[in-house]
Amino acid sequence: MSTDLTSMADLSTFALVAQHRGFRQAARASGQSASALSEAVRRLENRLGIRLLLRTTRSVTPTEAGELLLGRLRPALSDVASALDVLNTLRDSPRGTLRLNVPVSAARFFLQPLVNQFLASYPDILLDIVVDNNFVDVVASGCDAGIRYGEKLEQDMIALPIGPRTQRFAVAAAPAYLARRGMPEHPRDLLQHACLRGKFLSGALYPWEFERDGQTLTVEPDGPLIVTPTVADLAVSAAVAGHGVIYLFEEWLTPYMASGQLQPILQDWWLSFPGPYLYYSGRRHLPAPLRAFVDFIQSPAVRASELALSRHTMP
């Protein structure tokens, strides 16, 4: 097959649709119409004489041939993008798309002011944020970088501090619940209480971890509600309504504890842990939008605000 500009564009479209597992999703990401993307993939399949994507009403997935093509195509498209991105060095302000994969806690508690400042500083950059608590391969997922905690980072990733440098898990319950069921004096007492649990999308439940004076303890309580992080507000609402004890990021519960809707429990046992990191692959060219974001989060003003966040959440 001869290679021309049309076929290169169709190859890029195929990779985009495969990455997003759907024509509508790819259309939203690229600003093109789903019908135009579908026609480009159909044209490519006709030229190659082989089916590349399996299409159903619910999803689009690569065929065996499609997977083989993607394996060769992704590095080539990355090289092309890197070559074009070199032109960004000639501009006064970088432009392009920066895709970040971030957990719910980051999007909710510290990313918003950073995003506002970054967009004001780099108006030509499109920031595409995917909120996902599952650890993903940022390169394979089509993202430039992600935000995660240290224990989930691979060794070949570059990691830079972002957000508050120290955080805690807090435990709380409504005053009415504690009046009815009593105040726990030790983490093991939670085994006798109704607890509102969280779970990963895999179905595994979050452990409730505690520490005091060098002693660490994990308990697995039971209760009437289990939620994923994306709907943790449901658990908070249930806690405020008096249905049980909740274990969650301190930042999430602070407004409710400050208003008296929730009462802190076992504060001497609250687990402290290091804050999150921005991570990205050190084995690839750093696109100009990502380089701009890296420089931005390492600026003195942003680092000072992160320290302030840490002081605000600690006693």
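Contact means heavy atoms within 4.5 Å. Helices (H or I, at least four residues) and strands (E, at least two) are DSSP runs, numbered from the N terminus. The model is predicted, so local features need pLDDT of at least 70 and side-chain atom pairs count only at pLDDT 80 or more, while totals for chains, interfaces and linings use all residues. Residues are numbered from 1 along each chain as its sequence is written, and side-chain values use heavy atoms, with hydrogens and water left out.

**Exercise 1.** Determine which residues of α6 meet α10, and how the two helices are oriented.

Solution. Step 1: Leu114, Gln117 and Phe118 of α6 meet Pro289, Ala292, Phe293 and Phe296 of α10. Step 2: by class, this contact has six nonpolar, one polar and no charged residues. Here Ala, Val, Leu, Ile, Met, Phe, Trp, Tyr, Cys and Pro count as nonpolar, Asp, Glu, Lys and Arg as charged, and the others, Gly among them, as polar. Step 3: α6 and α10 (residues 288-297) pack at an angle of about 120°, and their axes are 11 Å apart. Axes are lines fitted to C-alpha atoms, for helices over the stretch in contact, and angles run from 0 to 180 degrees between N-to-C directions. Step 4: α6 and α10 are therefore oblique to each other; angles under 35 degrees count as roughly parallel, over 145 as roughly antiparallel, 65 to 115 as roughly perpendicular and the rest as oblique.

**Exercise 2.** State how α8 is oriented relative to α9, and which residues meet.

Solution. Step 1: α8 (residues 232-240) and α9 (residues 250-259) pack at about 30°, with axes 12 Å apart. Step 2: that angle makes α8 roughly parallel to α9. Step 3: Ala232, Asp233, Val236 and Val240 of α8 meet Trp252, Leu253 and Tyr256 of α9. Step 4: this contact comprises six nonpolar, no polar and one charged residues.

**Exercise 3.** Is Asn134 buried, partly exposed or exposed, and which residues does Asn134 touch?

Solution. Step 1: Asn134 lies in the loop between β4 (125-131) and β5 (145-148). Step 2: because its relative accessibility is 29%, Asn134 counts as partly exposed (buried means under 20% relative accessible area, exposed over 50%, partly exposed in between, with a 1.4 Å probe and protein chains only). Step 3: leaving aside residues up to four places away in sequence, Asn134 touches Asn101, Arg148 and Leu201. Step 4: Asn134 and Pro103 are 31 residues apart in sequence, and their C-alpha atoms are 7.7 Å apart.
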